[in-house]
Amino acid sequence: MYKKICDYGIIGNLQTIALVALDGSIDWFCFPHIDSPSVFAALLDSRKGGSFCLKPADPFDSTAEYIPDTNILKTSFRTRTGVMSLTDFMYIPFTGKENLQEERQALYRYIEIEEGELKVNLIFAPRFNYARTMPEFEIIEGGVVTRGNNVELILTATHPLKISENSAIATWKLLAGERVWLKLGSVGSREECSLEDKSCVSILEGDEHLAETKAFWRSWVRKSETGRVSSFGPYQAMINRSALTLKLLYYNPTGTIAAAATTSLPEEIGGERNWDYRYTWIRDTSFTLQALFNLGHLSETEGYLRWVEKILSEDGADKLMIMYGLRGEREMPELTLEHLEGYRGSRPVRIGNKASTQKQLDIYGEIMNAALKLSEYVGKIDAQIWPMLRNICDYVVGNWQKKDSGIWEVRDGPFHFVYSKVMCWVALDRGLIIAKRYGFEADSERWSETMKRIKEEVLERGYSKDKEAFVQHYDTNELDASNLLIPYYGFLPYNDEKIISTIEATKRELSHNGFLYRYKTSDGLTGHEGTFLLCTFWLIDCLINQGSIEEAEILLRKMERACNHLGLF
């Protein structure tokens, strides 16, 4: 009843996303935003969750690929009698600007019979509000209108639909050369559907919107706002796919970035480590922005810093949260959806995230580092944003000695996490560089003295002579892969003896089949977690910067093989 998670591709429009399986079924779709209640959630309950499936009626084999340099997904089906392609995308107008109309969205599905003939089955089974609201249907000339949970969606098609058992269904016999366009669209905030909304999707409209969306993605992925265009040789396709995927998590209306597009996918089948990641974490966003920034994309960092400035002007550095809703929401109460069984029976299914109440001191370093990187490319820092950055540094001076919950959001803390202390040092270091470079007023002497104290304490209490490695937090000998970032941020150089021995100890103690765990300590939760791919990429960075190119490339190729058929991790 459940597909492998790796069987899914992702499409989106910078407001929400959908997951499309190899069998042509959309099993996850939240509307109108990434963090809205689901319309299709078969991913989390194959019987109740709802889906939108288009596939051959007869047994088939299928493959999927993205149209190159886009987030447009094409799935090919082969049966005994013919070959069919299914193209899925969310429309993004190509106007040269990412100024989207938030209330008007459209998901297109396009069938083309390439050889022979096929019978094609359609089952459109929305289940609104995480499958807590059954849909109402109304047949219209070009398709159906469905309503539930104050959401109204219209499915139009170039071929007829009918209603059966709370779903819209169809079976079409199609011959070579025949094309079918379907459009799942919204009517925004209006109370009534217009005639335009209800009109059948035309082949001309579908073709035009496909071409526009293709042009949008290709323009973005090939654009370099820094003017520096890099070639990555055999890794180019891998890098482009990763960049396009990260861009899908960018929430265009506000400039925030979701940590993920899903909730409650389990670390292990049947385990409880199932979390809702459809929010914007300060740290995760910083990592994403660094990746996009290194590829020449600046506007995402500019937009995010403007958003952070707004948040800080309202809350101040002392009340800055580790995460927010995509529109700046402060409250994300964690709830359990008892009626959903979870992916392959992995309960609980959660919405919200109570980690939002934690304190994590590393976020200040990530904000300051992003600000410095931006300034290095644009040649300035907006004078209006400096008071916000200065307040962050002043806050760090007064609070770096406190315990926190750390980068991994453990639920049995707080502790004096080494990575958090290092990032406090980073915040002050970046603040001093910016102040000196642009002549801004700063308490430089106090910041410098605090940096010195942080480094002395980390070297004394955060490094284990027994393990010859930096440890997870003070008063433990357990290791943590986040310490692989210590040289990345310049706290110590890559060739420092303590860094060299930390890397070796991390490989020795946290490695499993070439991949790294984040840590192996107790964290207040039952069950086990898998290895964490990002940590292995950090290790690869360390190896490259130490000159171990051959070892790094072997490991990078191993990582590349861990992706799915679409190049997704």
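1. Tyrosine 130 lies in helix α1, residues 128-131. Helices (H or I, at least four residues) and strands (E, at least two) are DSSP runs, numbered from the N terminus. The phi of tyrosine 130 is positive, about 55°, although the residue is not a glycine. Tyrosine 130 has 5% relative accessibility, so it counts as buried. Here buried means under 20% relative accessible area, exposed over 50%, and partly exposed in between (1.4 Å probe, protein chains only).

2. A word on the basis. This is a predicted model, in which local features need pLDDT of at least 70 and side-chain atom pairs count only at pLDDT 80 or more, while totals for chains, interfaces and linings use all residues. Residues are numbered from 1 along each chain as its sequence is written, and side-chain values use heavy atoms, with hydrogens and water left out.

3. Asparagine 166 also has a positive phi, near 60°, and is a residue other than glycine. Asparagine 166 sits in the loop between β13 (162-163) and β14 (168-175). Its relative accessibility is 36%, so asparagine 166 counts as partly exposed. Most residues other than glycine have a negative phi, and most peptide bonds are trans.

4. Two cis peptide bonds deserve a look. One joins phenylalanine 31 and proline 32, with omega about 5°. Proline 32 is in the loop between β3 (25-30) and β4 (38-40). The other runs from arginine 347 to proline 348, with omega near 5°. Proline 348 is in the loop between β20 (335-336) and β21 (350-351).

5. What pairs with β12 over 6 bridges? Strand β11 (residues 143-148) does, in the antiparallel sense. Two strands pair if DSSP finds at least two bridges between them. Threonine 146 stands opposite leucine 153 in β12. The hairpin of β11 and β12 has 2 residues between the strands. In that hairpin asparagine 149 takes a positive phi near 55°.

6. Strand β15 (residues 179-186) is also joined to β12, by 5 bridges, and the two run antiparallel. Alanine 157 has leucine 182 in β15 as its bridge partner. β15 is mostly covered, with 6 of its 8 residues buried. Strand β9 (residues 106-125) is joined to β15 by 7 bridges, again running antiparallel. Leucine 107 stands opposite leucine 184 in β15.

7. Leucine 54 belongs to strand β5, residues 51-56. Its relative accessibility is 0%, so leucine 54 counts as buried. Leaving out residues up to four places away in sequence, its contacts include Phe77, Leu86, Ile111, Val120, Leu122, Trp172 and Leu182. Asp23, Gly24, Arg109 and Asn121 are also among them. Contact means heavy atoms within 4.5 Å. Leucine 54 and leucine 86 are 32 residues apart along the chain, and their C-alpha atoms are separated by 8.2 Å.

8. How many disulfides does a search of the whole structure find? It finds 0. A disulfide is a pair of cysteine sulfur atoms within 2.5 Å. The sulfur of cysteine 53 is too far for a bond, because the closest cysteine sulfur, in cysteine 6, is 18 Å away. Cysteine 53 is buried, with a relative accessible area of 10%. Cysteine 542 is in no disulfide either; the nearest cysteine sulfur, that of cysteine 535, is 11 Å away. Cysteine 542 is buried too, at 1% relative accessible area.

9. Helix α7 (residues 363-378) packs with helix α8 (residues 386-399) at an angle of about 145°, and their axes are 10 Å apart. Axes are lines fitted to C-alpha atoms, for helices over the stretch in contact, and angles run from 0 to 180 degrees between N-to-C directions. Tyr364, Ile367, Met368 and Ala371 in α7 meet Leu389, Ile392, Cys393, Tyr395 and Val396 in α8. By class, this contact has 9 nonpolar, no polar and no charged residues. Ala, Val, Leu, Ile, Met, Phe, Trp, Tyr, Cys and Pro count as nonpolar, Asp, Glu, Lys and Arg as charged, and the others, Gly among them, as polar.
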